[in-house]
Amino acid sequence: MAKPTTVHFPKNFKFGVSTSAYQIEGGWNEDGKSESIWDYYTHTFPQRIVNLTSGDISCDSYHKFEEDIANIKRLKVQFYRFSISWCRILPSGHPNKINHAGIDYYNRLINALIQNNIEPVATLFHWDIPLSINNLGGWCNPITSDYFASYARVCFKHFGDRVKTWITINEPILIAMRAYGGAQLAPAYDSKGIGSYLSGHGELLGHMKAYHIYDKEFRAIQKGRIGITNDARWGEPATQTPEDIEAAERYMQMDLGWFAHPIFSKEGNYPLIMRELIDTVSKNQGFDQSRLPKFTPEEIQLLKGSSDFFGLNHYNTVAVKHGNTEVPPTNENDINCTTFYDPSWKTNGSELFRVVPWGFRKLLNWIKNEYNNPEVIVFENGFAGNDTETLNDIDRIDYMRSYMAAMSDAILKDNCRVTGYTFWTLMDNFEWQDGYTVKFGLHHVDFKDPNRKRTPKRSAFVYQDIVVTRCLTNPIPDRFLH
Ligand code: NOJ
């Protein structure tokens, strides 16, 4: 039998768990909160969500956050990443009226975290845009970036004395692709190859404006950090032909690079290849202007360097092949590639994901090489279980351990500067279009119980052990197997 090996995480490495407001809070119309796009969407088109469910009550964290904090504390993690609901703080979407009940809720949450020695990490936008702003076009309307910045200022003002890590926007790529360029997420505009780029442009400007407000008005006094959290897949060439290798690189530049290049590259702006390709293809398709909006020279400068860390959510790898047969315009058609899952990759409880830990290490190396080894904080990584999952969630444990091993190789062997890891998620919750059928939690939640009883799964104990010992032992210690 092979000798057990142990990998130690660096001394200052931090561990956390993650959630988001709409997915866990419930209390959708309580104490002055207004409707977000997700309230409207789930109520108006219930058939678009598996089992016609919504986040109306979800885990009921609006009332049960103290219990959540007790569970977080038991995991022994250093930080908790949650999101603030824009509609709870500013019911009109604007700072003309501040809802003090909403402010109180987050004050109580933040204070309780700090009392329990858990650092609060707050996301400003995790997809629940106020309906009133969505009705004006949401992120496709450039003014939304100003509205978002005003909302961000209110949050910095009320919570920034205690919140020292801010995330502006969570997964802007996914929102651009699936909420505006597709119909899987609200508001489901399904404007492929047009709305995707337009909304993405708005999100980047929103991030930029919020960053500079923090930088100018708050940083000196509050002494915190602020950044964006991009989601990224690793794009593995489908074959080793030069064509597929090039297609995979194009995919990386025009997927993650779309949002990372303007902020983290030396030159700034959209990746040159993306700019040139979409400009040319748009023209050939008869558009009289490029489908990819342009930044002004000033915006290019303001975006460059506008993130104090490289926030990263990672779950998945895709195989990338040269060529595309979709009816244009679509993003993949612009990239001239086709992505798919290799049939040999392990599946899980959701069709959207595969288990490919080595892709994580490659992705971290790509980021290191492309953006001059920035400080990366992994703000999400997790495993999708389905309805058949039990408390003995061995598959989630395997996923977590193998992804953390890949990450530790990237840190210790490849010198990637990863300083934190966050497991998605604290407890089973509303998984967007999949409702409650896809489960990512370290804790099981009984959604039939009015009390929404939370029970730790086996993975919660394994994660706690990694956090406490700060190491990963292979093979998995016997005590976790029985
Ligand atoms: C990314 C999102 O940020 C989160 O809301 C979602 O639940 C997980 N991935 C899993 O799909």
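**Note on a predicted structure: ring contacts, barrel and salt bridges**

1. In this predicted model, Arg48 lies over the face of Phe45, 3.9 Å from the ring centre; a charge is taken to sit over a ring if NZ of Lys or CZ of Arg is within 6 Å of the ring centre and within 35 degrees of the ring normal. Arg291 is placed over the face of Phe287, at 5.4 Å from the ring centre.

2. On the basis of the model: local features need pLDDT of at least 70 and side-chain atom pairs count only at pLDDT 80 or more, while totals for chains, interfaces and linings use all residues. Residues are numbered from 1 along each chain as its sequence is written, and side-chain values use heavy atoms, with hydrogens and water left out.

3. Phe45 is also a member of one aromatic cluster, whose other members include Tyr22, Trp38, Trp127 and Phe430. Rings of Phe, Tyr and Trp (its six-membered ring) pair if their centres lie within 6.5 Å, and planes under 30 degrees apart count as stacked, over 60 as edge-to-face and the rest as tilted. The whole structure holds 49 aromatic pairs. Among them, Tyr22 and Phe430 are edge-to-face, with 5.4 Å between centres and 85 degrees between the planes. Because Tyr22 belongs to helix α1 (residues 21-24) and Phe430 to the loop between β14 and β15, this pair ties together parts that are 408 residues apart in sequence; helices (H or I, at least four residues) and strands (E, at least two) are DSSP runs, numbered from the N terminus. Tyr22 is buried at a relative accessible area of 6%, and Phe430 is buried at 0%, where buried means under 20% relative accessible area, exposed over 50% and partly exposed in between (1.4 Å probe, protein chains only).

4. The strands β2-β3-β4-β5-β6-β8-β13-β14 make a closed barrel of eight strands with parallel pairing; two strands pair if DSSP finds at least two bridges between them. From one strand to the next, the twist averages 25 degrees. Strand β2 (residues 14-18) pairs with β14 in the parallel sense over five bridges, and Val17 stands opposite Phe423 in β14. Helix α16 packs on the sheet and touches β2, β13 (376-380) and β14, contact meaning heavy atoms within 4.5 Å. The direction of α16 makes about 170 degrees with that of β14; axes are lines fitted to C-alpha atoms, for helices over the stretch in contact, and angles run from 0 to 180 degrees between N-to-C directions.

5. Helix α16 (residues 394-412) also holds Asp395, which is linked to Lys346 in strand β11 (residues 346-347), 49 residues apart. Asp395 is partly exposed at 40% relative accessibility, and Lys346 is partly exposed at 39%. The count of salt bridges comes to 29.

6. How far apart in sequence are the parts tied together by Lys457 and Asp428? They are 29 residues apart, since Lys457 lies in the loop between β16 (454-456) and α17 (458-469) and Asp428 in the loop between β14 (418-424) and β15 (443-445). The salt bridge between their side chains spans 2.8 Å, N to O, and both residues are buried.

Definitions and conventions:
A salt bridge is a side-chain nitrogen of Lys or Arg within 4 Å of a carboxyl oxygen of Asp or Glu.
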